[in-house]
Amino acid sequence: MGDMNQIRNIVILTGAGISAESGIDTFRSGGGLWEQHRVEDVATPEAFARDPNLVHRFYDARRAAIQEKEPNAAHFALGRLEAEWPGKLLLVTQNVDDLHERGGASRVLHMHGEHLKAWCTSCDVRSLWRGPLLDRPACPVCQARSLRPDVVWFGEMPYRMGEIYAALREADLFVSIGTSGAVYPAAGFVQNARELGARTLELNLERSQGSHHFHESRLGPASEVVPQWVAEMLG
């Protein structure tokens, strides 16, 4: 990695590739279909307005499925890094599962929301949620029956972008793990970080679309390359 002593602040971006080995399907696999559905039919505000039952059934199934999955070695390695790293560390994830948290990380920012939360569009409160939403349960806060998945759909603004850009400005090292490099704004983070003087590292199964923006790429399954890198960082 070069100049390891110069690195204090780390920003890590994770995508679907880090959860793939835990059995969570990557969004982009299978010819643009996601679990046999077109993205436009289940992951846009228009889809929810048009057929809320279809969207709720889809997300109810995802919410149930991730609760059956377990974190893998890559999640546990990042949990260890967070616990032992002396500088600042922020884990920004595009994933809506909770495997980072179950792998021991707590400084996690879910820019695309979380499966295990429901957002009430009446009172704007987000509540922890593990069960289905199809039967239109009442909001635990205001009792309105207007809960939706707390997931950022296509055409909606990702969460907490101001915090992410602030962290990138302070980063000495930006690491991207298991991302396609295809979905903006996250795909642009490497350029933001690099322009501000950070070292940049990609850990991925194969080169991403933005691979040429990184100082270094290490290719292989997340469960192998992430623990190796963390061991190196912690020396």
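Select Arg 160 to begin: with a relative accessible area of 42%, Arg 160 is partly exposed (buried is under 20% relative accessible area, exposed is over 50%, partly exposed is in between; 1.4 Å probe, protein chains only). The model is a predicted one, in which local features need pLDDT of at least 70 and side-chain atom pairs count only at pLDDT 80 or more, while totals for chains, interfaces and linings use all residues. Residues are numbered from 1 along each chain as its sequence is written, and side-chain values use heavy atoms, with hydrogens and water left out.

Arg 160 and Glu 163 form a salt bridge, their closest N and O atoms lying 2.9 Å apart (a salt bridge is a side-chain nitrogen of Lys or Arg within 4 Å of a carboxyl oxygen of Asp or Glu). Glu 163 also counts as partly exposed, at 42% relative accessibility.

Arg 50 pairs with Asp 41, with 3.7 Å between the closest N and O atoms. Which member counts as exposed at 57% relative accessibility? That is Arg 50. Arg 38 is partly exposed at 42%, Glu 40 is partly exposed at 39%, and Asp 41 is partly exposed at 23%. In general, side chains of opposite charge can pair when their charged atoms come close.

With all charged side chains shown, the count of salt bridges comes to 16. The protein has 24 positive and 30 negative side chains, and the centres of the two sets lie 3 Å apart. Here Lys and Arg count as positive, Asp and Glu as negative, and His and the chain ends are not counted; each charge is placed at NZ of Lys, CZ of Arg, CG of Asp or CD of Glu.

Move on to helix α6, residues 161–170, and pick Arg 169. Arg 169 is exposed, at 55% relative accessibility. Draw a distance from Arg 169 to Leu 116: the two are 53 residues apart in sequence, and their C-alpha atoms are 30 Å apart in space.

Is Ser 127 buried or exposed? Ser 127 counts as buried, at 11% relative accessibility. Leaving aside residues up to four places away in sequence, Ser 127 touches Leu 116, Lys 117, Ala 118, Pro 140 and Val 141 (contact means heavy atoms within 4.5 Å).

Finally, show the whole chain as a cartoon. The secondary structure comes to eight helices and eleven strands (DSSP runs numbered from the N terminus: helices are H or I of at least four residues, strands are E of at least two). The radius of gyration is 18 Å, close to the 18 Å that the globule rule gives for 235 residues, so the protein is as compact as a globular protein of that length (taken over C-alpha atoms; the rule is 2.2 Å times the number of residues to the power 0.38). Along its principal axes the C-alpha trace spans about 55 × 35 × 30 Å. Buried residues make up 50% of the 235 residues. Of the contacts between residues at least 6 apart in sequence, 65% join residues at least 24 apart.
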